[in-house]
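The sequence and structure are shown first.

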Amino acid sequence: MKSTRWLHMILVIIAIMATGTAVTFGAYFSTGLTLTVGSVSSERVRAPQEVLNYLATERNRQDALILAHGLEQIYAPNPGEWAILEHNLFILLEDLTLIREAYQQESEDLALALAEWAELSALHHEATQQAIALWEAAMAAAEPGVIPQPQEVPPLPDAPEWEGLSFELFANIPGISFTSSMQQHIMDMQETDFSMLWAGVMVVAEEVQLNIIIREIDFLTQLAVEAGIRNLQGLDSAMEDIINLIVLTFLRENAIPNEELNRAAFEQRAANYERIFFREGQIIVDEGEIVTEDIYYVLAQLGMLQTESLMDNIIPLAGVLAVIIVLFFANAMYLYFYQPNMAKSKKESLLLFTLYILTLGLIWALKDFSLPFFPLLIFPMLVAVLIDRRAAAVLTFSMVFISYFVVEGTLEFMMFYSIAGLLVGLLSRYTTERSKVFVVGGIVMVLLFGLSISTHVIFERNLSLDYLNEMIMAAVFAAVSGLLTVIVSTGSLPLWETFFGVVTPVKLLDLTNPTNALLRRLTIEAPGTYHHSLIVANLAESACYDIEANAHAARVGGYYHDIGKLKFPHYFAENLDGDNPHDHMTPTNSVQLIISHVSHGLTLASEHRLPQFVRDVIKEHHGTTTLQYFYAKARESDPDADDKDFRYPYTIPQTRESACVMLADSVEAAVRSLVPKMHSLDELEHTIRSIIRGKLNDGQLADSQLSIKDVNIIEQSFFRVLKGMYHERIAYPKAPAADAPKDTTV
């Protein structure tokens with residue numbers, strides 16, 4: 001606690017110093033200019049020397065840069081593409097060579113077959129002639145009226161024909177399609193002609209690929225190829241057509257930006273702009289002329305603007321700083337008395353400090369703008385969501401008051417931002433449901449639009465209609481800023497959750513979703529543990545709600561406190577189905593297995609990136625308590641057994657929420673085991689009180705920040721919930737006193 005107080009003091013001192021600096025160098029006490037942009041000059045001012053009109057020149061330079069960026073790129077051929085093209089042509093050459101060889105082989109095979117058929121035809125003719133001669137001799141020798149049968153000769157087979165199988169191989173060449181006439185020409189070429197053809201392909205392809213910029217195979221590319229072919233000699237038209245087809249098919253786009261030429265062209269165009277000067281004696285601003293941004297900048301550049309000394313404002317500045325110190329003291333008192341949890345939390349203190357410093361810095365950076373909406377609207381929403389809505393309402397008024405001096409605001413500024421900040425902070429409670437974020441944004445837009453119009457009408461009175469356009473534009477800007485405030489605030493929540501470990505209501509809703517991976521695993525793999533966790537979560541939430549702790553965090557902690565039991569679910573009482581495995585284990589081994597569910601739970605929490613407070617609950621929900629059942633079992637065989645060997649080696653609860661989960665865990669397990677033996681609600685109340693007092697006496701609640709009053713409230717909260725849960729199982733008639741309950745949590 002002492003270290004926390006010192007931290008708070010340091011943060012308050014730093015915040016006061018930062019606020020004082022922002023106010024001192026803010027618009028209200030600025031040693032600023034007597035002339036401002038948009039004001040009317042009361043005198044004629046001439047340039048005492050030649051001076052560059054920087055803003056006008058800069059505009060010209062920016063225009064030149066825009067034109068330079070719009071220059072068309074200069075391209076050059078990429079020589080690396082030729083190696084790829086050469087490789088592809090080499091593959092094509094191999095394919096064509098194989099096809100020509102296949103054609104030659106097929107031609108030779110046909111010639112051989114025809115020669116064999118010719119021999120067979122001659123033999124057939126000879127056999128036919130012999131058969132005719134024999135038949136004629138038989139006819140001559142035959143008796144009258146007898147006709148001898150002629151000798152049969154086997155028929156001559158058909159002559160072999162050209163099948164053209166080698167031509168079908170052209171279809172296997174990828175990416176190119178030769179016409180039938182081209183195919184025949186390639187097949188019929190002599191080897192010298194084919195070599196000449198291929199030499200022409202390589203010459204034309206290399207010349208065009210390396211020397212012509214090809215962004216696409218277009219008409220100009222075709223002309224370049226045709227020009228290259230015309231330079232070749234000894235080719236017929238068919239060969240030229242084949243070369244043209246091959247080269248155009250395999251040419252590759254090779255255009256790459258020429259960095260050197262592009263850079264030179266860019267620099268030349270970017271440097272080609274007019275520099276504008278005010279000459280010596282030239283009128284910079286005349287009497288009655290409106291001061292433009294260019295004029296203002298030149299006057300400042302020449303040091304001709306009159307300023308006030310900071311010492312002239314020392315007395316009012318001291319008064320404002322004194323009020324700010326009192327305001328800080330009042331806010332600190334409010335947080336100490338009405339937000340005690342925040343006053344004890346280093347994490348929330350650092351978070352509030354960071355939000356304040358960031359907001360103050362943004363306001364100071366935007367002090368020269370007429371409508372610095374964002375910071376003053378985001379601050380109350382983030383404080384409301386991340387810390388507390390009541391604190392946001394109080395701190396918003398302080399933030400607006402300080403901002404009044406930083407930006408030199410008006411009463412209209414004070415009214416608008418005070419009310420707008422309060423509205424945004426209150427409406428932030430509905431941003432916990434993501435489906436309502438844009439609904440809230442729409443409501444904020446409407447409210448801020450109306451609020452901007454209303455405040456303008458109040459302070460401008462009848463003159464407000466004279467500035468209707470400006471009024472509408474300011475209101476639209478306020479409305480859009482309201483929508484963006486909701487979106488930016490809700491969208492930045494994961495960053496605050498990550499860097500400060502803050503758990504927002506949105507994050508808590510996500511963690512309690514039954515479709516969450518760990519909860520789904522519990523329902524399937526350890527249903528008894530899941531049911532136990534639900535009851536523990538309900539008990540812890542109810543207790544935290546009654547003692548004004550974080551009930552949502554307690555519910556989430558209750559859901560996940562026993563996820564480590566997923567490692568060995570059937571070794572825990574609530575998941576047993578039949579034989580108890582611990583009956584066959586030594587007490588020491590049983591204790592080690594039971595205790596390990598905490599370390600397994602921390603591992604799962606780390607793997608699934610659960611928030612730090614959930615990991616703390618997992619680590620602290622058993623504290624350093626003793627596993628009484630196994631300790632008693634060990635003493636039966638070894639009376640000298642040390643209870644230290646049967647205690648959880650972890651940390652006792654450090655927060656009220658973690659303590660509530662511990663007590664809920666112990667009470668639920670004890671009541672569940674004793675329900676069949678209970679005969680009255682008095683026994684239930686006695687059981688709850690005994691368990692909680694046992695934890696208190698064992699020192700498990702020493703660091704939990706729970707008071708004795710909180711402990712009594714927790715007892716009543718548990719009794720109220722469990723009474724409604726088990727009332728049907730408990731008979732009301734008095735019965736003999738039950739045995740003293742024991743903590744059976746494992």
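Arg693 is partly exposed, with 27% relative accessible area. Salt bridges with shared partners bring Arg693 into one network with Glu685, Arg689 and Glu715. The model is a predicted one, and 16 salt bridges are found in the structure.

Arg693 pairs with Glu715, and their closest N and O atoms are 3.0 Å apart. Side chains of opposite charge can pair when their charged atoms come close.

## The pair within helix 27

Glu685 and Arg689 also form a salt bridge, with 3.3 Å between the closest N and O atoms. Both residues lie in helix 27 (residues 681-697), and because they are 4 residues apart, about one helical turn separates them. Glu685 is partly exposed at 23% relative accessibility. Arg689 is likewise partly exposed, at 33%.

## A buried salt bridge

Asp562 and Lys565 form another salt bridge, whose closest N and O atoms are 3.1 Å apart. Asp562 is buried, with 0% relative accessibility. Lys565 is buried too, and its relative accessible area is 2%.

## Nonpolar surface patch

A nonpolar patch on the surface is formed by Phe374, Phe438, Phe449, Leu468, Ile472, Val476, Val480, Leu484, Ile487 and Val488. Together these residues have about 770 Å² of accessible area.

Two helices, helix 16 (437-460) and helix 17 (468-491), each contribute at least two residues to the patch. Helix 17 supplies the largest share, 7 residues. Val488 is one of the patch residues and is located in helix 17. Val488 has a relative accessible area of 40%, which makes it partly exposed.

## Helix 12 and helix 14

Two packed helices are described by the angle between their axes and the distance between the axes. For helix 12 (residues 346-365) and helix 14 (residues 389-406), the axes come within 10 Å and the crossing angle is roughly 30°. Angles under 35 degrees count as roughly parallel, so helix 12 and helix 14 are described as roughly parallel to each other. The crossing of helix 12 and helix 14 is right-handed.

## Positive phi in two loops

Glu548 has a positive phi, near 65°, and is a residue other than glycine. Its position is in the loop between helix 21 (527-546) and helix 22 (551-560). With a relative accessibility of 65%, Glu548 counts as exposed.

Arg609 is not a glycine either, and its phi is positive at about 55°. The loop holding Arg609 runs between helix 23 (587-607) and helix 24 (612-620). Is Arg609 buried or exposed? Arg609 has a relative accessible area of 71% and is therefore exposed, as the limit for that class is over 50%.

Methods:
Residues numbered from 1 in each chain as written. Predicted model: local features only at pLDDT ≥ 70, side-chain atom pairs only at ≥ 80, totals over all residues. Heavy atoms only, no water. Patch = residues over 30% accessible without salt bridge, like charges linked within 9 Å, V, L, I, M, F, W, Y side chains within 5 Å. Areas by Shrake-Rupley, 256 points an atom, 1.4 Å probe, with all protein chains shown as cover. Salt bridge = Lys/Arg side-chain N within 4 Å of Asp/Glu carboxyl O. Buried < 20%, exposed > 50% of the residue type's maximum accessible area, 1.4 Å probe, protein only. Axes fitted to C-alpha atoms, helices over the stretch in contact; angles between N-to-C directions. Parallel < 35°, antiparallel > 145°, perpendicular 65-115°, else oblique. Left-handed = near helix turned anticlockwise from the far one by under 90°.
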